[in-house]
Amino acid sequence: MEKELELLFTTATEKINAATTTAELAALQLEYLGKKSILNELLKKMKDISHEERLTVGKRANVIKTTLTELCKAKKSELENVMAMAMFEQEKIDLSLPGYNLTLATKHPLNQVIDEISQLFQELGYDIVFGTEVEDDEYNFQRLNLPIGHPARDMQDTFYITKNTLLRTHCTNMTARAISQMKRKDEIVAMISTGNTYRRDDDDATHSHQFMQVDGFLIAPHTSFANLKWTIQYFCQRMFGENTKIRLRPSFFPFTEPSVEVDVTCVNCHGQGCSICKQTGWIEIMGAGMINPLVYQACGQDPDLTGFAFGIGIERIAMIKYGIDDIRRFYTNDVRFLEQFKKFD
């Protein structure tokens, strides 16, 4: 029986040392050291030998089992190291290879314009607010001197959700809300609101059913049209250059009186006349005026308050500023178009 043990030990040692994978090693360990291993089957024969021989065989069997177990453990560690080195060689990084070109995003041109306008008016002391896009008819129309049945409502082409709820047609709804919340007659309020507005319109190169606005107003004692004109001039020169000139044309808006349309010298021809300005030398950019006393009254305030208001189309400013010929380009998410604005970000 001792010869059988030595033969088993020799054979097992050779096979374990010759194993090339951890799976092969695991199979050998099960074959020679498992519960149903060759060693255990051999030891079952000990009942048939003498007591003295059993002592010798049992002692040698324990040594063989311990030695084979340690050999399997060492071989497993060796194989795992070999596998790790092979994987490292396969996956290691070649530092001489060129890096990947990452596509970096940039701020959308409309957001760039909004940020620039917001910064400008914050420097003048205006607060920045963001109102709800779903508004009550009362604040979108009625408190802005557009009562139910007013003909100017037809110009807005409104998206109604319910009879009294709509998608706001302008950011001036926040002007109505702010005026309604005034506590004192001598209170000074300067604010701009910005965001999406909606009107039922056919989309083309210059029109969109959804567009962005910045509406602003200032209410303070003794505010005059001269203050409004200075603000408009300062805004236009900051946005389009110090040599920009403005032109004010009489107009009509229900919430301002008097009202004006504001033109600036064409950024392309600088007032000389070209196809962009239709040979006039001027481009319209905003509407403005002194806040109508009827608006103060509709908002529950003293009609003798003085202040001015203005409304600016963000897409209009961006198209003029960056020379864009189609408003739809802002909403197509064309990376080639957006990448051109990295230098302005």
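The model is predicted, so to speak of local features pLDDT must be at least 70, side-chain atom pairs count only at pLDDT 80 or more, and totals for chains, interfaces and linings use all residues. Residues are numbered from 1 along each chain as its sequence is written, and side-chain values use heavy atoms, leaving out hydrogens and water.

**The sheet**
- Seven strands make an open, mixed sheet in the order β1-β4-β5-β9-β8-β7-β6; strands pair if DSSP finds at least two bridges between them.
- Strands here are DSSP runs (E, at least two residues), as are helices (H or I, at least four), numbered from the N terminus.
- β1 (127-129) and β6 (246-253) are at the edges with a single partner strand each, so one side of each has no neighbour in the sheet.
- β1 runs parallel to β4 (residues 189-198), joined by three bridges, and Val129 stands opposite Ser193 in β4.

**Helices across the sheet**
- Helix α5 (residues 109-123) lies across β1, β4, β5 (210-219) and β9 (307-313), at about 170 degrees to β4.
- Angles run from 0 to 180 degrees between N-to-C directions, with axes fitted to C-alpha atoms, for helices over the stretch in contact.
- Helix α7 (residues 173-180) lies across β1, β4, β5 and β8 (282-291), at about 30 degrees to β5.

**Where α5 meets α8**
- α5 packs against helix α8 (residues 225-240) at about 135 degrees, with the axes 11 Å apart.
- Residues in contact (heavy atoms within 4.5 Å) include Val113 and Phe121 in α5, and Tyr234 and Arg238 in α8.
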